[in-house]
Amino acid sequence: MKPLLILINPWIYDFAAYDLWSKPLGLLYVAAVLRNCGFQTHLIDCLDTHHPLMTGDPSIKTPKRRLYGTGKYWRKEIPKPAPLRDISRSYSVYGISRKIFEKELKSNQRPAAILVTSLMTYWYPGAVEAIALAREHHPGVPVILGGIYARLCNKHARKHSGADSVATVSDPGSFLETLERHGIEAPEPLPNPYPLPYPAFDLIKKIEYVCLLTSTGCPFRCPYCASHFLNPEMNRRDPAEVLGEILYWHKDFGVRDFAFYDDALLISSDTHLGVLLEDLERLRLGLRFHTPNALHVREVTADMATLMRRSGFRTIRLGLETSDFALHRNLGNKVAEGDFERAVGNLLRAGFTRNEIGAYILIGLPGQSMDSVIATIDFVDSLGATPYLSEYSPIPCTPLWEKAVSYSRYDLSEPLFHNNILLPCWRGAQIAEVPRLKKHVLKIRDKNR
Ligand code: SF4
């Protein structure tokens, strides 16, 4: 019998959470690679909104699903962890029940190893809980933690997660070496050359959408962002290969919605995304594409906007951050005066509606003024796009980290305080204004719907 690996996407512990095309893409790549090397894989997705055992219980309210595969998660209110006890908001665990998680853990033969992923640094209690239960049910089985929290807060994760190994790199092949260190040999060697397989979305019980990566890395160095730390080099896939992947999920699994996870989707579009979109436009498959990660405003030319519209893009998010161009010089200098107006104009002329064109506005940066945020919201609205507030979360291993530590109201050595909802780098008067800001944004969003 092939050795079994259990892969776990843990719960979210937070004040709020919403499924905006959110899937554990890194874990699914790791699963695909390990499967190619002869392992059996079993995914326990704690964030599975279609888990048959959850949906079969009439006493639990089914989470509302919305457009294009987005929607709410299962949710249960829980007491706040001690460091957050003074925050006057309810706190919840999002995902399947612990009972069902344990049932899934027990439903398998004894695994050779258990691999757990992690995302936001302040969601680490979910990973810690999953690891503790995995240990309880499969004592002696090595537990390996990977993902973003593991990499950004490696020391913290080694101390607090309970895992036997904590990954420092994202290369799926590196997990084979980690397994070997625990005495687990792959039944088959990694193919050489080693083409990255499609991520194992087929392990998900109901595929509402597929997340795509056409490239990794970003040529910019925005001081608040960990892209460069997580992916120091820019790598692009062949557009023909990405097209093959889209056709595979569409034809074999009926998927119509695709979310791009790239950090720099539009960079070098003449030889990259443009080529892919021309093929998709020609094929007329009725697919829908979404960009939850912000697009680079400067790259939204008239031709690109038209191509995006014709090939099926339905959700556009632009990375504006602020309309204060003096501040932009300190934020990576990605947007110059006139760029945003041009991009929105190109999108509107291409046929996108106000509602489909969203602009992310950063709030909560150290030293940022409230007036500049209000001016940015009104600037976005005046041009015919829809504002979305994006609360700054201090991220270790980024250039802004030290400044964030010195501005923060909290001790950021505790990752729970990285939570963007806390706006850790803003102070009393600014925080008090946030509900008014949110109301203002919601009013505009309602008007644009
Ligand atoms: S452009 Fe986006 S992905 Fe690139 S460094 Fe800036 S914030 Fe990060």
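**Figure 1. A salt bridge between Arg 35 and Asp 202.** In this predicted model, the side chains of Arg 35 and Asp 202 meet in a salt bridge, with 2.7 Å from N to O. The term stands for a side-chain nitrogen of Lys or Arg within 4 Å of a carboxyl oxygen of Asp or Glu. Arg 35 sits in helix H1 and Asp 202 in the loop between helix H7 (174-181) and strand S9 (210-212), so the pair ties together parts that are 167 residues apart in sequence. Helices (H or I, at least four residues) and strands (E, at least two) are DSSP runs, numbered from the N terminus. Side chains of opposite charge can pair when their charged atoms come close. By this rule the count comes to 22 salt bridges.

**Figure 2. Domain 1 and domain 2.** Here you can find domain 1 (4-181) and domain 2 (209-448), with bounds from an automatic or database domain assignment. Their C-alpha centres lie 26 Å apart. The contact (heavy atoms within 4.5 Å) takes 28 residues from domain 1 and 32 residues from domain 2.

**Figure 3. The domain 1 side of the interface.** Between domain 1 and domain 2 the count is zero salt bridges. Helix H1 (25-36), helix H4 (124-137) and helix H5 (148-152) each supply at least two residues of the side of domain 1 that touches domain 2. The largest share of that side, three residues, comes from H5.

**Figure 4. The shell around the ligand.** Look for Cys 218, Phe 220, Cys 222, Tyr 224, Cys 225, Ser 227, Asp 263, His 296 and Lys 334 around the ligand, each with a heavy atom within 4 Å of it.

**Notes.** Residues are numbered from 1 along each chain as its sequence is written, and side-chain values use heavy atoms, leaving out hydrogens and water. As this is a predicted model, local features need pLDDT of at least 70 and side-chain atom pairs count only at pLDDT 80 or more, while totals for chains, interfaces and linings use all residues.
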